[in-house]
Structure formats: structure tokens, C-alpha cells
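Here is a protein model to look through together.

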Amino acid sequence: MVFEKKVEKCGGLWGNFTNFASEETLTNVHMRFLGNIEAKTDAKGRVFLPATFRKVLQTGGEETLMMRKDVHQRCLVLYPESVWNKRMDALLEKVNEWDDVGQQVLRQYVSEAMELTLDGNGRFLIPKRYMEMADIDQTVRFIGMNDVIEIWAAEKAEQPFMPQEEFAARLKAIMTASPTTT
């Protein structure tokens, strides 16, 4: 983060003012969601977003989230609006408006998404159709996945993980592999 230090006169007094967040700095904030937290939905399908994740959103200046079913897994994904917009821009760069199949992919990707905001208590509603898409009954598990948050049915939350020995071996292989050139 870049800090600007200014000395200015204010009401006859001199003081140091630090500008902690220029507009450019705010757009370059990298959100990192970490953790694995269980929660329960209420009878209406509302759930509290864990405080650790709310804090990351607040620090990043995010108020709006986008939710959609994951493309590969049977879970839901919460995208901070800025992350969603970057991914949409990347998709739109690849899709030609005259390509029927590309337009179908875009249509399906966008139509399965919804915008949401947290209420004053930090809750949001998971609509019934989204709960069905992810096989969520009442208990959910929030998993931080870098710049997005996954929402799993608690009883299926072990599916995206591998046994510890396999994880260690695969992580070692990834970290010791030569960088690829593109």
C-alpha cells in the first residue's frame, strides 16, 4: 500500500496528514479469504457471513457480492463485486458475439448468478434454488479460496480435499516444478 504524507495548515495549526487509500490503491487491494468455517441457515435460508470474511470485504471496500454455482463442484461461490467484474471482463474478451456456442456459455454463466448485499447484521439470503444446486440443507461450510468464498453443504465439505499424504506430495510437485512459459 502506498502512503502519502502531507503537511498542511488547518485552522491555524500545522499537522501531518497521511492519505492511506488513494483511489488507485483501493483498486489494487488483493483480497485473500482464508479459513474453513461452519454456519447454519435459518428457516428462511439466511446465513451470517463469517466475521473474518466480512472484515476482508470491508478492508477491500466491497459492499456487493455476486453468487453463483461453481462451474466444477457442487457448491456456491461468493465473488466480491470487483473480482466478479474482472472475471466477467476476462470471459467477455474470449467470447465473440457472433459465436453461438460462446454466447450460450456466456448466457448460462451470467444467468446463474445473482447479486447480493449483506444486511445490517452481516446476513444474506441463499435462495431455495441455489440451496438445491449445492445440496445445502441447513448447515453450511464457508471455505476461503483466495479471492472468493465457497459455500458447501457441511456434510459434503470434505469433497474438495484430498488425503494429507497426497496433498503433501502434490503440493511439493507444484512448488518444485519449473515455471512454465506462455
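Where is the place of Phe-161? You'll find Phe-161 in the loop between β10 (148–153) and α6 (164–176). Keep in mind as you look around that this is a predicted model. Phe-161 counts as partly exposed, because its relative accessibility is 42%, which falls between the 20% limit for buried and the 50% limit for exposed. If you skip its neighbours within four places in sequence, Phe-161 is in contact with Asn-36 and Ile-143.

**The big picture**

Now zoom out. The protein has 6 helices and 10 strands. It is made of 182 residues, and 33% of them count as buried. Among contacts with a separation of 6 or more, 56% are between residues 24 or more positions apart. The accessible surface comes to about 12,600 Å², and carbon and sulfur atoms hold 53% of it.

**Inside the core**

In soluble globular proteins, nonpolar side chains tend to be buried together. Here, the largest nonpolar core has 36 residues. Leu-49, Met-67, Leu-78, Phe-124, Ile-126, Phe-142 and Ile-151 are the ones with the most contacts inside that core. Take Leu-78: not counting residues up to four places away in sequence, the residues it touches include Leu-49, Met-67, Phe-124, Phe-142 and Ile-151.

A search of the whole structure finds 4 aromatic pairs. One of them is Tyr-79 with Trp-84, an edge-to-face pair with 5.2 Å centre to centre and 65° between the planes. Tyr-79 and Trp-84 are both buried, and together with Tyr-109 they form one aromatic cluster. Phe-124 and Phe-142 also make an edge-to-face pair, at 6.4 Å centre to centre and 70° between the planes. That pair links distant parts of the chain, with Phe-124 in strand β8 (residues 123–125) and Phe-142 in strand β9, 18 residues apart. Both of these Phe residues are buried.

**A buried loop residue**

Is Ala-134 buried or exposed? Ala-134 lies in the loop between α5 (128–133) and β9 (139–145), yet it counts as buried because its relative accessibility is 0%. Its C-alpha atom is 4.9 Å from that of Arg-74, although the two are 60 residues apart along the chain. Leaving aside neighbours within four places in sequence, Ala-134 is in contact with Arg-74, Cys-75, Leu-76 and Ala-153.

**Charged partners**

The structure holds 9 salt bridges. Here are some of them:

| Salt bridge | N to O distance |
|---|---|
| Lys-128 and Glu-132 | 4.0 Å |
| Lys-156 and Asp-135 | 3.8 Å |
| Arg-170 and Glu-166 | 2.9 Å |

Lys-128 and Glu-132 both sit in helix α5, 4 residues apart, or about one turn of the helix. Lys-128 counts as exposed at 64% relative accessibility, while Glu-132 is partly exposed at 47%. Arg-170 and Glu-166 are also separated by about one helical turn, because they are 4 residues apart in helix α6.

What about Lys-156 and Asp-135? Lys-156 counts as partly exposed at 24% relative accessibility, and so does Asp-135 at 30%. Arg-74 joins in as well: Arg-74, Asp-135 and Lys-156 are linked in a network of salt bridges.

**Back to the surface**

Last stop: Met-162, Phe-167, Leu-171, Ile-174 and Met-175 make a nonpolar surface patch of about 510 Å². Met-175 has its place in helix α6, and it is exposed because its relative accessible area is 63%.

Terms used:
Residues are numbered from 1 along each chain as its sequence is written. This is a predicted model: local features need pLDDT of at least 70, side-chain atom pairs count only at pLDDT 80 or more; totals for chains, interfaces and linings use all residues. Side-chain values use heavy atoms; hydrogens and water are left out. Helices (H or I, at least four residues) and strands (E, at least two) are DSSP runs, numbered from the N terminus. Buried means under 20% relative accessible area, exposed over 50%, partly exposed in between (1.4 Å probe, protein chains only). Contact means heavy atoms within 4.5 Å. Accessible areas come from the Shrake-Rupley method with a 1.4 Å probe; for residues, only the protein chains shown count as cover. A nonpolar core is a set of buried Ala, Val, Leu, Ile, Met, Phe, Trp, Tyr and Cys residues joined through side-chain atoms within 4.5 Å. Patches are made of residues with over 30% relative accessible area and no salt bridge: like charges are joined within 9 Å, nonpolar side chains (Val, Leu, Ile, Met, Phe, Trp, Tyr) within 5 Å. A salt bridge is a side-chain nitrogen of Lys or Arg within 4 Å of a carboxyl oxygen of Asp or Glu. Rings of Phe, Tyr and Trp (its six-membered ring) pair if their centres lie within 6.5 Å; planes under 30 degrees apart count as stacked, over 60 as edge-to-face and the rest as tilted.
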